[in-house]
Amino acid sequence: MVVNMSIDEKDIEYRKKVVQEYKPDVERLIRYLPWLEEKSGSTASETYTGSGIAEHSIAFPVYDSTLLSFVREVQQTNLLDRNYRYIYSRNRIVTHQDELRAISHSDITRMDVLKGILSKYVMGGMTKGRMWSEAVRNRIFLNVVKKMKDNLEFWDRPMGN
């Protein structure tokens with residue numbers, strides 16, 4: 001038996017599938033929105049220089065515990081894409097402004113772009129310490145999570161904060 005679905009029905013089914021796929025993970029992250037909003041524009045880490053470490057070793061960053069919890073939470077979701085570089089090249093995302101523009105223009109059909117941008121900063125921060133703080137300061141984490149939440153709420157019911 002062949003079921004003929006109109007383009008609109010297929011589109012609605014696709015959007016429902018995206019909501020089901022992303023909603024549990026995004027719900028885990030929205031509790032960090034107030035903290036991300038509060039920390040936007042400021043740094044979420046400090047450089048440890050105590051005990052004369054600068055004389056004998058290199059200084060290292062000490063991260064805000066909430067930032068570390070956020071990163072760990074993201075790592076436990078399906079929102080990380082190891083191939084985020086392809087998202088960047090395919091969408092011609094090069095600068096910070098390109099990232100912000102891509103975030104603001106991403107609807108529910110472009111959740112992969114949001115996932116790619118989030119992945120760049122979470123995974124990049126594992127080797128380049130400044131990236132997590134940069135993502136907080138430049139509102140990358142905040143804007144990505146907010147946009148994911150807004151996209152899902154548009155096609156589903158509101159999520160708790």
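Guide: A word on terms before we start: contact means heavy atoms within 4.5 Å, and the model that you see above is a predicted one.

Visitor: With that term in hand, which residues of helix 7 and helix 9 meet?

Guide: From helix 7 the contact takes in Met111, Leu114, Lys115, Ile117, Leu118, Tyr121 and Val122, and these meet Ile140, Phe141, Val144, Lys147, Met148, Asn151 and Leu152 of helix 9. Sorted by class, the residues of this contact are 11 nonpolar, one polar and two charged.

Visitor: Why are helix 7 and helix 9 called roughly antiparallel?

Guide: Two packed helices are described by the angle between their axes and the distance between the axes. For helix 7 (residues 111–124) and helix 9 (residues 140–155), the axes come within 10 Å and cross at roughly 155 degrees. Angles over 145 degrees count as roughly antiparallel, and helix 7 and helix 9 are therefore placed in that class. The crossing in which helix 7 passes helix 9 is left-handed.

Visitor: Which residues of helix 8 are buried?

Guide: The buried residues of helix 8 are Met131, Trp132, Ser133, Ala135 and Val136, where buried means under 20% relative accessible area.

Visitor: What makes isoleucine 93 a buried residue?

Guide: Isoleucine 93 lies in the loop between helix 5 and helix 6, and its relative accessible area is 7%. Since the limit for buried is under 20%, isoleucine 93 is counted as buried. Leaving aside its neighbours within four places in sequence, isoleucine 93 is in contact with Ile87, Tyr88, Asp98, Glu99, Ala102, Val113 and Ile117.

Visitor: Why is arginine 92 called exposed?

Guide: Arginine 92 also belongs to the loop between helix 5 and helix 6 (96–104), and its relative accessibility is 69%. Exposed means over 50%, so arginine 92 counts as exposed.

Visitor: What is there to say about the phi of arginine 92?

Guide: Most residues other than glycine have a negative phi. Arginine 92, a residue other than glycine, has a positive phi, near 55 degrees. Arginine 139 likewise takes a positive value, near 65 degrees, and its position is just after helix 8, in the loop between helix 8 and helix 9.

Visitor: How do you know whether arginine 139 is buried, partly exposed or exposed?

Guide: The relative accessible area of arginine 139 is 31%. Buried means under 20% and exposed means over 50%, with partly exposed in between, so arginine 139 is partly exposed.

Visitor: What makes threonine 66 partly exposed?

Guide: Threonine 66, in helix 4, has a relative accessibility of 24%. Buried would require under 20% and exposed over 50%, so threonine 66 counts as partly exposed. Beyond its neighbours within four places in sequence, threonine 66 is in contact with Tyr32 and Trp35, and its C-alpha is 9.2 Å from that of leucine 36, a residue 30 places away in sequence.

Visitor: Why is arginine 82 called exposed?

Guide: Arginine 82 sits in the loop between helix 4 and helix 5 (84–90), and its relative accessible area of 67% is set against a limit of over 50% for exposed; arginine 82 is therefore exposed. Arginine 82 and serine 119 are 37 residues apart in sequence, while their C-alpha atoms are 7.1 Å apart in space.

Visitor: How many helices and strands are there in the protein chain?

Guide: The protein chain has nine helices and two strands, which follow the pattern α-α-β-α-β-α-α-α-α-α-α along the sequence. Of its 161 residues, 40% are buried, and among contacts between residues at least 6 apart in sequence, 71% join residues at least 24 apart.

Note on methods:
Residues numbered from 1 in each chain as written. Predicted model: local features only at pLDDT ≥ 70, side-chain atom pairs only at ≥ 80, totals over all residues. Heavy atoms only, no water. Helix = DSSP H or I, 4+ residues; strand = E, 2+ residues; numbered from the N terminus. Buried < 20%, exposed > 50% of the residue type's maximum accessible area, 1.4 Å probe, protein only. Axes fitted to C-alpha atoms, helices over the stretch in contact; angles between N-to-C directions. Parallel < 35°, antiparallel > 145°, perpendicular 65-115°, else oblique. Left-handed = near helix turned anticlockwise from the far one by under 90°. Nonpolar A, V, L, I, M, F, W, Y, C, P; charged D, E, K, R; others polar.
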